[in-house]
Amino acid sequence: MAKSHPSGTQTLARGLEVLRAVAGGAEDLAAVAEATGLGRSTAHRLVQLLEIYGYLRTINGRGYYLGPTLIEYGFQALHQNPLPVVARPIIEELAAQVQDTVHLAIEDAGEVLYLDKIPGQRGAEMRSRIGHRMPLTRTGIGKALLLDRSADWQRLFVAEHPEQPTGTDDFQQLMAGYALQGASLDLEENEPGIRCVAAPIRNGGGEIVAAVSISATRPYMPMQRMRALVPVMKKEARRVSLSLGYPG
């Protein structure tokens, strides 16, 4: 769906669309023009300007990639958000304890946005990364972000599972159970062979503002262990919540 822009900002909006296209994998002018709908000459001028300011870069004069300015701003954005700073020592302790991959994420624009990741010490490396986005209803950490939003469960499931139009009742029943226990599971719904347990993080007002999860391959995450990890995850999520002012 096309987004509306304030008057007089069309050029800026086009430049941002170019950045979005390159972030999405467009590596040459033809791909940028196709992804943005811009003419090649317009796309070329915008790419040149963005490269001058460090928002884009080329390697050996070929290909477009996100530039060092965005890396700098990305780290500044993380440090301006107290959540990753407050949560980091807690999730480091958790990762050392469980030896599996730990994620910290928020909801942004209707998707899971990973703010931090500590890779596990065993099993396969997962495709997630800091800054990566994933669906809310397909991931354990995304479900944890939705535990208080029962009014949205059906709508979000339908939007993210067009191939399962009749699965909304089962999903809502599943989510009701997760909301009751205060933690959610991912039984390989997002990535084959990968399971996770997640719990929500709350702010001073008691609202869910983030979530933390433990992920591992199936051999290291049988159902018995997943159930045992539920209170562990709730405890660690509560520790982060208390640091954010949650009264408990």
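Start by selecting helix α9, residues 223-243: it lies across β6, β7 and β8 and runs at about 25° to β7. (Helices here are DSSP runs of H or I, at least four residues, and strands are runs of E, at least two, numbered from the N terminus; axes are lines fitted to C-alpha atoms, for helices over the stretch in contact, meaning heavy atoms within 4.5 Å, and angles run from 0 to 180 degrees between N-to-C directions.) Keep in mind that this is a predicted model, where local features need pLDDT of at least 70. Residues are numbered from 1 along each chain as its sequence is written.

Next, select β7, residues 194-202.

Click Asp186 and you'll find its bridge partner, Cys196, in β7. Leu187 stands opposite Arg195 in β7. The two strands make a hairpin with 6 residues between them, and Glu188 in the turn has a positive phi of about 65°.

On to β8, residues 208-217, which pairs with β7, again antiparallel, over 9 bridges. Look for Ala198 and its bridge partner in β8, Ser213. This hairpin has 5 residues between the strands, and Gly206 takes a positive phi near 85°.

Finally, show the whole open sheet: 6 strands in the order β5-β4-β3-β8-β7-β6, with antiparallel pairing. At the edges sit β5 (133-134) and β6, each pairing on one side only.

Notes. This is a predicted model: local features need pLDDT of at least 70, side-chain atom pairs count only at pLDDT 80 or more; totals for chains, interfaces and linings use all residues. Side-chain values use heavy atoms; hydrogens and water are left out. Two strands pair if DSSP finds at least two bridges between them.
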